[in-house]
Structures are given as C-alpha cells and as structure tokens.
Amino acid sequence: MSYENKIIQLKKMLGSKKENVVEKPVFLKPAKPHYIDNWVKSGLSVIENDYGVVLKRVVNYPLNYKHGLYELGELYDAIEKWETSEVGHPFSLSFDDDILFFDTETTGLRGVGTHIFLLGLLEANDDEFKLTQYVLADPSNEAALLFESKFWQKPKTIVTYNGKSFDWPQLESRWTLHRDTIPKLSHHKQIDLLHSSKRIWKNNLEKMKLSTVEEEKLGFKRNGDIPGFLAPIIYADALKSGQADSLMKVLYHNEWDLLSLITLYIHSTNLLVETKLEESATTYTNVGKWFGDLKQKNESERFLRKVTNQFDENESGLANFYLAIELKRKGQYEESASCFERAVNNLDVKKQVKAYEQLAMLNEHQFKRFDKAIQFSLEALKLVEKANCYESTQKMKIIEQFEKRIHRIENKNIS
Amino acid sequence: MMQLNRKKSVDELIEIWKKDSNFKQNILHMETINAQPAQYAPFPEQLHSSIKKALMERGIEQLYTHQRMAFDYGISGQSFTAVTPTASGKSLCYHLPVLHQILNDPSSRAIYLFPTKALAQDQKTDLNNLIESMDEEILSYTYDGDTAPAIRQKIRKAGHIVMTNPDMLHSGILPHHTKWVSLFENLKYIVIDELHTYKGVFGSHVAHVIRRLKRICKFYGSDPIFICTSATIKNPKELAEKLTNTTHQLIADSGAPIGKKTFLFYNPPIVHPTFGVRRSSVLEVRDLATELYEAGIQTIVFAKSRVRVEMLVTYLKELTKKKIQDESIRGYRGGYLPNERRAIEKGLRDGSIQIVVSTNALELGVDIGQLQACIMTGYPGNIASAWQQAGRAGRRQDSALIIYVAGATALDQYVVNHPKYLLGSTPEEALINPENILILMEHLKCASFELPFSMTDTYGEFEVQELLAFLEEEGVLVKTSSNWHWMSDRFPAHEISLRSAAQENVVIIDWSVPGSSKVIGEMDTYSAMTLLHDEAIYLHQGIQYQVEKLDWEEKKAFVREVDVDYFTDANLAVELKVLNEDKNKAYSSAQISYGDVSLLAIPTIFKKIRFNTHENIGSGKIHIPPLEMHTNSTWLSFDMPENWSEEMLTDALTGAAYSIGSFIPLYIQCDRKDLSVVPQVKSTHNEKPTLFIYDSYPGGIGLSEKVYEILDRILEESIHHVDACPCESGCPSCIGAQDSLQNNKDKVVKILSILLNEMK
C-alpha cells in the first residue's frame, strides 16, 4: 500500500474533537530506559541525577600521548609560546584559561527537532588529558544530559571546530527547552578553530573538513571511522534496538575529532607564533594578512617579508601586494612602489587593477612622475576594458575614474 | 480639429460612450453607486495619548464605528473578526489595540500575518509612519525570505511587531522557536489580515500552522488573542473560528464612507448567431483598455489566467511600441521574481505605469495608490474577489469606473445578465478542511519536530495518539517512557508547501544566452503539466518562450526566447475509480453519493492557436507521466433514459458537467482549480452514466462534500440558466461549445431535471 493510501486508511482513527486543556506540568523525572543494561555492556556507565539518567564514557591520556604529528602535552608548549610572545591574538590561550575542547553529535542539522545525543568534552589538566563523553539515554532524559555537562557552572574557554555557528547555538536551543528545570547556561569564551583554519589555509586547502585538515596538516589518518552523516541513523537505531555497539563507533569518531582539536591548536599556534614550519607561500601570506587585519603591523610585515624573501615573485604576488599597502601607510613610498611593481603581474585581475591604481597614485602624488602615472593608469584601463569579472555598471564606473585620473594628470603635466 | 489623444476624466469618458450607439448596445447594465457618508465614534478614553497625538496629526479626530468596536474587543482580550471593505481604514482595527498594549507594557509582542510578502512590506511602511508620528520606541519588522541575516537576531529578541507570512511562520519561525523565546513568552496578539484568502487547500494548511503556533505559545506560557480582518464573505466568523480554533466576535458593519462608483456590465457582441459565439473578451478588453490609455486614465486590468495576462500585455504593448524604453504598460502576476514585482508596485504608485494587467495577485491590499478604472476580464469566480478587484479603482478619489467584460463561459454570461447577483447578493462561503488527513499528517510531523507530544496530548481539536503511533512505525518518531520524540535528520517543514496541491514547483530556466542561463520563474507541478510541456509557448512579461525541454524528474523547464504568432493550449484526461462510499441517497432512476475516489490525470495533447484569429494551426502529443491522486468526490449516477443512445448520453453528460462546473463557484468560495467535474458514460464501479465532482487535492478539502449538501440548488440554477440561454442548441455560455447542431441543450435539461424532480 502506498504511503498516501495508508494515511487515508488512518482517517478513521481521527478521534474525539475535544481539546484537552492541560496545565503545564511540573518536572517529572523520566523513567530509566529499559535497554540501559545493554548499553552498559557496550562500555558505557550510568549516572543518575535529579533529572534522569545519562550515560558516560571516560578516557584519560598521558601528556606524551601521540596523535598524528604531535603529543598532546605540546599544547602547554603552545600556550607558553603565546605567553612569552608579545603578540596579542584573539586565538591565543593563557595558563589562566580553563580549557575545554568541545564537540557534539546530533540527530540533524537544524531546528528544534534536532537532538544533541552526544556531548564530547576534553579537559586539559596539568598531568593528563581527560575525555568525558555524555550520551543521551533517550530524548526524555535530555535535562539530565545537559545538567551533567556542567556548562551552567563557572565560565570556561571552549575550543571547537565550527562550534560558534553550530554546536553552541544547538546547545543553547536545547537548553532553552529546559530553562524552567535546570540552572541557567553560563557564558563561556569561545575559540572556533574552523575560523582560524579558514584564515590560515584559504586557497591552500580545498575543503575545510576536519578530516581533511588532519590528513593534510596534522599527520593523522583515520582507520575504520564512520562517516558523520550516519550518526543520526545509528543513534535512532540504538534507541529502537536497545543495542549500543554501533553507537560506540560514533563515540570513537567524536573522540578523534576532539584529539585533533588539540593537535590542530598546537599546529596553528606554531604557524602563527613562529616562522619555522614548512608551509606554502599562500599560507604565510594568509597569516600575514590576518595579522594586518588585526592591526598587528609588525607581525604582519614579518610574515609577508618571509614570503617575499623566500619565494619566487610568481608565488609572492599577494604578499608583495599586502606589504606594499602596509609600506605606503607607513610612508615608505619608494619601497611600497617597488613591491607593487613586483606584485602586479602575479595577481588576479581585480587586484592587478588596484595595484596599477596605487602605482599611478604614488607616481602622481608622491614622486610627481606624471608620465609614469599616466602609463600605469593606461595599463589599468587596458585590463579593465577586457576583463569579465566586473558587472557592467561597476566596469563603467572604474573606467570613468581612470579616464578622469588620466585627464587630471595630463593637465598637471602641461602646467 | 479636436486633438485625438486628449486627456479625459472618467465621467467625460462615460458621457462619450453613452452617446456612441455601437458601444451602447454592448452595455447590458450601468449602475452608479452613490457616495455614502461615514459613521463615527469618539476616541476611547483610555486610548494612549501618543496614539491620539499621531492620529490627530493625520487629521483623524474620531474613529469609524468599526474601528472603535475593534479597539474595545481587542483590549478586553476578546478574539474578533472585522469585515472591512477596501479603503475602510481596516489596519487601525488591529494597530490600535496592539500599539496601545505595547505602549502600556513594552514587553508585549505581536505577530502580523499577511498572505504574501508584498503585503507585509507594504504594511510595514504604513505602520512605521504611524509609529514615527507617535514619537515612541516601538520596533516593527518584516521577517521573510528577504530579511537580511544581520538583523534577524535583533528581530527575534527585540521586535515588538513581527510582520510575516504563513510560509515563513511555517518553515522559518516555528521549527526554530527556541530562537524566539521573547516573542513567544510575551505574545499578546496574532493579527491575520485578509482572512478571506485563507480558503481551500491553502487555508487548510494555514489552519494547521496556527494550531502549531498556539501549541508553542502554550509551551512558553502565553495565550494570545486573534484579530482577523476580512473582505466580505458569507461566513467570516465561522472561517476565523475554524482557522484559529478559537471563538471570535464578529464586527460586520463598516463605518467608512464609500465613494461614487460606476459599474458597466459589458457583453461582447455576437459574431456567429447560430453557435452563439461572441467576440473574444480578451480582444474587447484590449480595445477598452486602449481607450482608457489614450484618455490618460490609470487603469488596472484583471485577467483570470497567467496566459491571458500575457496575451493582453502583448497586445497592449503595441500602443507603446514606437516609444523607446516606455514601461507604462506592465504585467503583474505570480511567477515573477520579487524585485520585478517591487518595481511594478513602485511604478504604479508614482504613476510611471499607466496600465497594469494582473492576475488575482493584485486583488490583495497591496498599496498601489490611485487607480481610476478597473476592467475585469470575466468573472473572477466569486463575489468577494470581484469586489476586491472593483475596490482597486477609486480608493481615494471621487469617481471610479469599473467595467465587467463577460467572457463566453456560463458563469460570465450569468453574471452579465444578472447584475443584481454581483451588486446585491450574499457572497459565497469560504471553506477550509483542517481534517484533511494528508494535510493533518504533514503538520503533525512538523508539530512533533517542534515539541514532543506526551502520551496524553491532543493536537488542536484532534485526538492524535494513534496517528503518532503510525509515525513511529514510519520511523520518524521514537516513543520513550512519556513522550513521542522526533528522531530523524529530516526537516519536515521543508517537505510541505502551503500554497499548492503539488508539493514541488517546476523551475523555469531561460537558456537563450549560452553560458548565462537564468531562472525566470516557477510553477506548480499540476499547472506545469499543461503549461510547460515540450513545445509549449510560455509567456513571461509579454515575451514568448518556447519550452525546449521539460525535465520532469528534476522539475526543470528549459525555455528559449522565440517570436511566433501563436500560443499553446493543452488538454488533460482524467480516469476515476471509486474507493469507498461514505454517503448515499438513492432515487428511482438516479443516485447521489459521496466518498473517496482515486484519479489519474493524464496530459494528452496540446493545440497551437494563432493570436487574434484564435484559429487552431497545429497540435502535438504531451509526454508527461500521469499524476495519481486520492481525493473526495460527490458523484451522480443516472439510469439511461429510454430511447437514448450512448452517444446522446455522452453529449448530455458532457454538457451537464460543463454547466454544473460553471455554477459551483456561485455557492462555494474556492479557487476554480480546487474542484473539478468529470463525466463518465460508464463508470467503472457501477457501470452507469456518472458525473464526478471532486476536490483537486489529495485527500480532499471538503468542497465536494459541500456540493453533496447543496446539489439541488446547483441543479436548479444550472437547468434554469441552460433553458434561458438565447442560443439555439448550446454554446460556451451554457453547456459548452458544440460541434454539431443536434439539440444537446434539451438533453442536458432533461437529464438534470429527472434527478432534480426525484430529489424534491
């Protein structure tokens, strides 16, 4: 029978038409699911609190535990580097931070019907790292899970991968549903490594999936991992069948994610604080640009100069471009101009036009070399006219600007 | 010499037409409705002083009686529905209680629900002006697909008044209610503007969206009241109560003044007396609109279908062909993209557009300023729509002209011959059917997604525990010790569209320019079967496109701009099977039943029809898989009258189906597409000649059940009209166009009379 037919059969079940007016009930502690013992056999332990039951898995790691290229304890070296460096950075951690690496597994991607069924927390302690995973016993026991996460206690520094736009809002949403029952969610400092990875590896990594970053940068390859999109189905199956064997694989998946968060933090710190690592020109240019946007001028210049000194002109086009802008701002016009000249043939069209425009400006206003100013403006015009990356109105506007510029310089040149 | 294109006023033009003997004989009736004075009531004493100040600034020193009643109900916490004609100041009916409440308790929130995004945008401007002159800090925002992500957060947390549409509420707000805590905790008012548009399938869906909304409000501890405003329909209170599942008070009488309106009932001349063929109403409208254009009178032309809108735009653009970049004649209908529509609305307001040709998209209260004349190409299907269309003319000025141009259909001809029907009779009922099990199940999924059901919960007025158990079997819910929880990575709100029977739309892609294909519109699957098949000519803003490839699987139609002198028209064949009979009345030679049926819609052939002459210049087959559907139907089975051949019966049934189908909209307010009438000479279930009248939506929406109840009135009206039609042996105005000169009219009357006499 088709779905539609089945439903039409159901029509007969449409019962009484009275709306039950039920007062909002006070919190009733939900019953323990019948399959709990099975789940315990798979390797989970049971916690009972005022709001129900929740399942737990704990793993401890010594500081010298190796995950890919790094030992976990190198996190403390990374923090040390930030502490001794004079550079301020939104990404930096200090020894005062109460650090918690955080990742969830959910039954969907959005909306109130999406449950968090696994909260993975990895604490950095002085002598070891401790992973605690809390598993939702069933959706009626959700308040118990949230309460156990202790996110209502004192503020921590939470490190995530895409947590700012996914895991945390999702947690807030679940919390809202139980806001009359459990203590208020505290405000925590958030560091999202997806944001930093995007800044660092833009145009270098094609995909920013954590597993890609692991393989390409962190020297870790997963074996026997389940794909993330299966997680919702596996959890639903564990509820229905009462068996948690497959569910454990989701827990391992989550564990790897969390361990990689630590090594990703270490690796990124090394890239940002030192210039020792072997990385591409693109990556170091990205880092330089990031410092520039953070108004850390000296740091920015340091990274950009590393690129312009170590790499060919064709690889360091962008670095020269950003460096030139910085030098111009500092009043080092001659050096700025030579950076623009080195950059100009190694850029995309829009930036090329910008570079010619800058060169025209420097020559017109600073050096009073009007012939050169006109020459650069003409180069830009030629590019814009044959470019297809502009909208037509925008293109007209740019052409008009250059024509005005040329006209003005010609007048100056005569007088 | 008199200048040819001299500007004229409406009254001058009417005088000229009155003296024109050719023109005069096409006017069956002219009626002027005189101005009516206003009825006022004083401001309520407790009305907040800032509101008073703002009203005074606008020159309002007292309220219309209906506005005052609205305020009194609103602040006493009583849900109500106000029936308000066009331009009666209806928005104050909800603004006053809502603003008053917010000023007295700034934590209060309100949701304004408009049937379309355009209406919400329009009302926002209006409301913001009012708030500005109040000098108060009240935040009102539209929240829809166009809202910038950057301000969404602010709207959720701080917006006092959120103006949105049912679709956005359904898929953008309710499934994310945890982001709207301050709205749902403090929700005091839910305003539903244009209540009468929530009918049929769409209305049934929205009834569930509202039940879901109420369920969420209860979770957050709020209990808002409903304020509805409606155009004139027969059952506003009943509709509001069914839509909101809440008891309403009714404000039936408007205190607003009415301006002078002149109605012309225009019937195109007969060009072929034997077959009763009249000149095409589209061509007549083209000529009338041309005269209005030349007189400089800003006019809105309504046409019933998208195709007719596009034909008229094509014809009328001839007027401006020689002017460069002249945009004074435009089309406006569903399927245009939002920015295109915004530009048209603006052009109407600032006067740069002089004629707009529209489908009923513009029936609603979109503020397009002063139009002086309105032409209706055919009867829009119900009185409420007709008055809404007429209300487009003369909203803010003295003399308005409304021309009703009858088409060849039975209903059009009925209306042009019975002006009293339009000018004086009770309007139709608007029906919704939230009990439709398919619609209910879809929304029950959404409701489960939004909040878990307990083992004792009901949903709205429905007992749903068994249905929840079914959803558990389907694998989208899990049952815990106390609740049914959603447990699937699907997002159920995205699996339902509130607007059309078919759940998916076909996207129309113009690939005329290689490498820069672009989407120019979309269409529901049911319409697409007959409008976007391979080789169909699709008209968009007066430009012709030919469908080169319809990818039915992917729901994409690829079109290319063409220049041809024809349009296409397609046929749909329907097969019907009775599944279950719920009600039955048996008579000696006929019986009437109501129940569940299964039907198969099969697109068959299309014809190419030449512009202007409307001759058939070719045809082809349509290759689209049939669409299967289960729905409700009323059916009439007859015994074969003595001495009749099967062929005679076929003709009689076809004619009867045509005339009955035409008259149903006189009694039930529904979209003409929501109900279909199909004859079968030998029905598969009882082998008898049978007429099926079914709901064109899976599961049915209660329309055919209503037909079952009032069938005697429909039969009576149909027989009377066919009998009185001046044609000799049947024409498009009574039983449909006839191929032969056999007298099928008598047969139709006979077969329907047999049944009617037995029913009495």
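Predicted model: local features only at pLDDT ≥ 70, side-chain atom pairs only at ≥ 80, totals over all residues.
User: What radius of gyration does chain A have?

Analyst: A compact globule of 415 residues would come near 22 Å. The C-alpha atoms of chain A fill a box of roughly 95 × 60 × 40 Å along the principal axes.

User: How many helices and strands does chain B have?

Analyst: Helices (H or I, at least four residues) and strands (E, at least two) are DSSP runs, numbered from the N terminus. The C-alpha trace of chain B spans about 80 × 75 × 65 Å along its principal axes. Within chain B there are 23 helices and 34 strands.

User: How far apart are the C-alpha centres of domain 1 and domain 2 of chain A?

Analyst: Domain bounds come from an automatic or database domain assignment. In chain A, domain 1 covers 36–273 and domain 2 covers 281–414. Their C-alpha centres are separated by 43 Å.

User: Which helix gives the largest share of the side of domain 1 of chain A that touches domain 2 of chain A?

Analyst: Two residues are in contact if their C-beta atoms, placed from the backbone, lie within 7 Å. By that rule, 10 residues of domain 1 of chain A meet eight residues of domain 2 of chain A. On the domain 1 side, helix 6 (193–201) and helix 9 (245–273) of chain A are the elements that give two or more residues. The largest share is three residues, from helix 6 of chain A.

User: Which hand has the crossing of helix 3 and helix 9 of chain A?

Analyst: Helix 3 (residues 74–84) and helix 9 of chain A pack at about 30 degrees, with axes 9 Å apart. Axes are lines fitted to C-alpha atoms, for helices over the stretch in contact, and angles run from 0 to 180 degrees between N-to-C directions. A crossing is left-handed if the near helix is turned anticlockwise from the far one by less than a right angle, and right-handed if clockwise. For helix 3 and helix 9 of chain A, the crossing is left-handed.

User: Roughly perpendicular or roughly parallel: how do helix 3 and helix 6 of chain B lie?

Analyst: Helix 3 (residues 49–57) and helix 6 (residues 117–134) of chain B pack at about 110 degrees, with axes 8 Å apart. Angles under 35 degrees count as roughly parallel, over 145 as roughly antiparallel, 65 to 115 as roughly perpendicular and the rest as oblique. Helix 3 and helix 6 of chain B are therefore roughly perpendicular.

User: How many nonpolar, polar and charged residues are in the contact of helix 4 with helix 5 of chain B?

Analyst: Helix 4 (residues 65–75) and helix 5 (residues 91–104) of chain B pack at about 40 degrees, which makes helix 4 oblique to helix 5. The contact includes Phe71(B) of helix 4 and Leu96(B) of helix 5. Ala, Val, Leu, Ile, Met, Phe, Trp, Tyr, Cys and Pro count as nonpolar, Asp, Glu, Lys and Arg as charged, and the others, Gly among them, as polar. The residues of this contact divide into seven nonpolar, five polar and no charged.

Methods. Residues numbered from 1 in each chain as written. Chains lettered and ligands numbered in written order. Rg over C-alpha atoms; globule rule 2.2 N^0.38 Å.
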